[in-house]
Amino acid sequence: MAEIALDKLLYRLLCGTPGEFRFSPGPVPSGEVIFPDPVSVYVHIPFCHSLCPFCPYTKMLYEAGLAAHYSHALEVEARRVLADLDGKKISSVYFGGGTPLTLLDSVESVLALMSGHLTSGAEVAVEVHPHDINPAAVERLALAGVNMVSLGVESLDNAVLAGIGRNHSAEDALSALHTLMDCGRFSINVDLMTGILGQSRESAVSDMLMLMKSGVDQVSTYPLMDFAFTRMKTRLSLLEQYRLLRDLASAAEHAGYLRTSVWTWTKPGSRKYSSITREDYVGIGAGAASHLGRCFWVNTFDVGAYVDAVDGAHPGDCARGTVVVGDRSACSMERPAIAGGEPNGFTERAAIVLNNLAGSDGIPAVAGDSLTVAEREAAVAEAADSERVSPVAVSILMDDRQSALYRLFWRCYEGEFDLDSREALAVPILRRLVRVAEALRLVARSSSTVRLTERGFFMYHLLERYYTRKYIGTLWRHCRESAFPREIVL
Ligand code: SF4
């Protein structure tokens with residue numbers, strides 16, 4: 001209750017009005033989507049060879065049949081994005097997951113499609129698992145144009161790794177790191193986790209320092225996040241979290257690394273590696289988010305529904321046209337495709353369209369075991385069955401103030417923002433809040449640049465944990481529960 005009140009108060013303070021983030025089913029109107037030039041692209045590959053109990057991301061166990069269809073759908077969606085870009089360039093491509101190298105062929109084919117659209121010096125980044133790395137795979141990545149990799153090490157203590165359900169050892173992770181470094185073609189980030197069961201503060205710091213000693217370009221020390229739908233929760237008190245972050249920051253500084261976000265330290269002169277703080281990006285794949293201008297949307301988290309929405313060639317899909325039956329004034333049909341069985345009577349893609357339209361236009365939702373649609377809706381579904389269907393689950397068109405807050409939030413994640421920037425100027429009360437934060441020694445100012453202090457980073461750490469649970473966690477929970485949710489209000 002207190003959290004809700006604080007949340008609303010903060011929103012009102014910053015935006016000047018009571019408000020909320022309201023997500024609608026389906027995509028934003030296409031006229032609202034403006035691609036900047038250049039733009040960033042995120043590609044999601046949801047397959048893993050084993051599932052970690054702490055992981056909140058869109059992922060599933062690798063399954064060869066579905067993976068093959070998914071690869072094809074990714075290419076279809078990538079071609080559509082390139083067509084929508086209409087000649088605009090791409091300055092970064094980031095493959096995340098899941099475990100992207102479960103579909104190394106797909107990484108190569110998507111990059112081949114995009115290669116002629118990249119800016120000179122574009123960042124091409126891939127998340128990798130220690131088991132994926134061997135000299136042949138590394139060579140293929142380099143040949144495909146990958147120049148940044150992020151290796152999931154998580155811990156260098158085998159007991160801790162076993163405790164969090166990772167399927168590799170510290171030795172596997174170090175061997176993968178050396179193979180990547182020996183190649184000499186990548187800027188390398190390693191991910192460590194903190195606040196996990198069995199890990200002491202000293203061992204977290206010592207893991208980070210050992211990796212820095214190897215000369216790696218960047219170390220990210222992500223705290224375990226609490227999501228309602230993941231089994232593992234952090235056990236650290238606020239004081240323990242404070243001490244951990246303070247010790248990591250001080251050790252990283254002594255090792256000569258620069259703080260480039262609340263949890264990230266980068267070697268001077270190295271390229272900073274980040275997947276989540278890009279200004280504008282378009283997402284491809286199941287569960288991928290996109291943020292362009294004031295528009296934000298997420299693709300369906302359901303891998304099968306994604307394939308069906310993007311690429312109707314999924315086996316088991318019915319022939320088009322079967323949705324229109326009877327006297328064309330109304331039709332009733334079963335919906336086993338939605339329930340996960342073999343399609344019968346109409347295609348899953350047609351049902352997706354009806355679901356997207358449901359509620360917004362008086363069209364009945366797909367619910368229960370049967371569905372009745374009137375002639376016009378049947379025609380819509382029939383047309384959709386042969387044409388482009390959106391994989392977008394929900395979207396929001398933010399107002400200017402919300403959009404500015406979103407951007408400021410991620411600027412603060414990186415540790416500084418400019419008071420004269422467009423997003424800062426859109427929040428009139430910000431200058432007064434910065435003065436209060438300065439008095440509390442949460443930030444330090446130099447001209448118009450506002451930089452978080454050690455204390456400010458800890459406050460941001462708490463804020464980020466809160467917003468991840470409250471906003472991202474709630475949005476993701478709805479998207480996990482339904483392939484195409486109805487309205488979501490945060
Ligand atoms: S942490 Fe990585 S390997 Fe583990 S389930 Fe999540 S995406 Fe898969």
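The model is predicted, so a caution on the cut-offs: local features need pLDDT of at least 70, side-chain atom pairs count only at pLDDT 80 or more, and totals for chains, interfaces and linings use all residues. Residues are numbered from 1 along each chain as its sequence is written.

Overall, the protein has 16 helices and 21 strands. Both are DSSP runs numbered from the N terminus, helices being H or I of at least four residues and strands E of at least two. Of the 490 residues, 42% are buried. Buried is defined as 20 or more other C-beta atoms within 10 Å of the residue's own; exposed is 12 or fewer, partly exposed is in between, and C-beta atoms are placed from the backbone. Among contacts between residues at least 6 apart in sequence, 73% join residues at least 24 apart. A contact here is two C-beta atoms, placed from the backbone, within 7 Å.

Next, the ligand. Residues around the ligand include Cys-48, Cys-52, Cys-55, Lys-59 and His-129; the criterion is a C-beta atom, placed from the backbone, within 6 Å. By class, that shell has five nonpolar, five polar and one charged residues. For the classes, Ala, Val, Leu, Ile, Met, Phe, Trp, Tyr, Cys and Pro are nonpolar, Asp, Glu, Lys and Arg are charged, and the others, Gly among them, are polar.

Now strand 8, residues 187–194. Six of its eight residues are buried, so strand 8 is largely enclosed by the rest of the structure. Strand 7 (residues 148–154) runs parallel to strand 8, joined by six bridges, with Ser-150 opposite Asn-189. Pairing requires at least two bridges found by DSSP. Strand 9 (residues 218–223) is also parallel to strand 8, again through six bridges, and there Asp-191 stands opposite Ser-220. From strand 8 the chain crosses through helix 7 (residues 201–213) to strand 9, a right-handed β-α-β crossover. Right-handed means that, with the strands pointing away from the viewer, the path from the first strand over the helix to the second runs clockwise.

Last, an open sheet of three strands, antiparallel, in the order 18-20-19. Its edges are strand 18 (416–418) and strand 19 (443–446), each pairing on one side only. Strand 19 and strand 20 (residues 449–452) share four antiparallel bridges, and Ala-444 has Arg-451 as its bridge partner.
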